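Please keep the sequence and structure in view while reading.

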2 protein chains.
Amino acid sequence: MDIIISNSSNQPVFEQIKQEIKKAIMTDVLKENEMLPSIRNLAQDLRISVMTVKKAYDELEKEGFIETVHGKGSIVSAKNMELLREEQMKEIEKCIDKIILISKSSNITKKEILDIFEYLYGEDK
Amino acid sequence: MDIIISNSSNQPVFEQIKQEIKKAIMTDVLKENEMLPSIRNLAQDLRISVMTVKKAYDELEKEGFIETVHGKGSIVSAKNMELLREEQMKEIEKCIDKIILISKSSNITKKEILDIFEYLYGEDK
DNA sequence: ATAACTGTTATATATATAGTATAACAGTTA
DNA sequence: TAACTGTTATACTATATATATAACAGTTAT
């Protein structure tokens, strides 16, 4: 599994780790019940503190994406696809809400937004 | 001009002030060359520190939305509509980028997104 | 000139978040 | 027992946010 973090990102490191792992789960790079890297290994690979990785893992566990057992390590929770889908749907809805808020308090039209969306989405899918 | 801030917001107070003022400019509540509230008055009204208001005004000036003269106060810059429009367009594009990123790394389809958009947008406009 | 407004600058303080570093402790497995 | 796992606690640094206060400086009208 490749986890890429950037210190120039506006996102905190632990947040980037969370997102990368969620992405890996969603794209099936990390499958159900598969082991995640140990916090020490990942910390060493990314050259960051163990505590930062632990924070990411702790939050992923609280959110139901992984399960951690003391002494063994962390695995991907079963039945998390619906969870992820719901979470991502909520994220998309938040973005759309923001877009609509901007649109309605400005002279940017619905059509303009749809055009940009189509353009940025590209041909595929 | 009504500026509403919330301490329970995840956004910092100075950021909320910036957004409220931009919104007021966009909706013509604050017109070109119109005076903004003095930093002391606004701070008193919102029951926050003068420095927090100053920070908001300083950034609005750096971004070109207002102009401040020592001893006189701040006014809305002329020709900021294109500026605001561009900024809001960029904001919308960022949101769309995020939506597309999520969409393409998940099983959420373009059609689903468009349906949610239509639903949330409502009938008007 | 003075009063009463404006903004400016500097200083000190408090709090929260993010991140690091280290060490000691504890569970698992071969 | 060795070599992995995660856990907890502590201390420290840096940054962002926000407050409070005071002194300084420009503008305007009387």
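Helix H4 of chain A, residues 81-104, packs against H4(B) at an angle of about 165°, and the two axes are 10 Å apart. The angle makes H4(A) roughly antiparallel to H4(B). The crossing of H4(A) past H4(B) is left-handed. On the chain A side, the contact is made by A:Gln88, A:Glu91, A:Ile92, A:Cys95, A:Lys98, A:Ile99 and A:Ile102. On the chain B side, it is made by B:Gln88, B:Glu91, B:Ile92, B:Cys95, B:Lys98, B:Ile99 and B:Ile102. Sorted by class, the contact of H4(A) with H4(B) has eight nonpolar, two polar and four charged residues. The model described here is predicted.

**Symmetry of the two chains**

How is chain B superposed on chain A? A rotation of 180° with 0.0 Å of shift along its axis does this, with an RMSD of 0.1 Å. The two copies are thus related as by a two-fold rotation axis. In chain B, the C-alpha nearest the axis belongs to B:Cys95, at 2.7 Å from it. B:Cys95 is also one of the residues of H4(B) in the contact with H4(A). Both copies use the same surface, since 100% of the contact residues of chain B recur in chain A.

**The interface between the chains**

Taken as a whole, the interface has 27 residues of chain B in contact with 27 residues of chain A. Three helices of chain B each supply at least two residues of the side that touches chain A: H1 (13-26), H4 (81-104) and H5 (110-121). Which of the helices gives the most to this side of chain B? H4(B) does, with 13 residues. By class, the side of chain B that touches chain A has 14 nonpolar, five polar and eight charged residues.

H5(B) also packs against H4(A). Their axes come within 10 Å and cross at roughly 45°. H4(A) and H5(B) are therefore oblique to each other, and their crossing is right-handed. From H4(A), the residues A:Ile92, A:Glu93, A:Ile96, A:Asp97 and A:Ile100 take part. They meet B:Ile113, B:Ile116, B:Phe117, B:Leu120 and B:Tyr121 in H5(B). This contact of H4(A) with H5(B) divides into eight nonpolar, no polar and two charged residues. A:Ile92 is listed here, and A:Ile92 is listed in the contact of H4(A) with H4(B) as well.

**A helix pair within chain B**

Within chain B, the axes of H2(B) and H3(B) come within 8 Å and cross at roughly 120°. H2(B) and H3(B) are therefore oblique to each other. H2(B) passes H3(B) in a right-handed crossing. B:Ile39, B:Arg40, B:Leu42 and B:Ala43 in H2(B) meet B:Val50, B:Val53, B:Lys54 and B:Tyr57 in H3(B). The residues of this contact are six nonpolar, no polar and two charged.

| Helix pair | Axes | Angle |
|---|---|---|
| H4(A) and H4(B) | 10 Å apart | about 165° |
| H4(A) and H5(B) | within 10 Å | roughly 45° |
| H2(B) and H3(B) | within 8 Å | roughly 120° |

Which residues come nearest to DNA strand C? Of the 23 residues around DNA strand C, these are A:Pro12, A:Val13, A:Ile48, A:Gly71 and B:Ser38. The surface near DNA strand C has eight nonpolar, eleven polar and four charged residues.

Definitions and conventions. Residues numbered from 1 in each chain as written. Chains lettered and ligands numbered in written order. Predicted model: local features only at pLDDT ≥ 70, side-chain atom pairs only at ≥ 80, totals over all residues. Contact = placed C-beta atoms within 7 Å. Helix = DSSP H or I, 4+ residues; strand = E, 2+ residues; numbered from the N terminus. Nonpolar A, V, L, I, M, F, W, Y, C, P; charged D, E, K, R; others polar. Near = placed C-beta within 6 Å. Least-squares fit on C-alpha atoms with pLDDT ≥ 70 in both. Axes fitted to C-alpha atoms, helices over the stretch in contact; angles between N-to-C directions. Parallel < 35°, antiparallel > 145°, perpendicular 65-115°, else oblique. Left-handed = near helix turned anticlockwise from the far one by under 90°.
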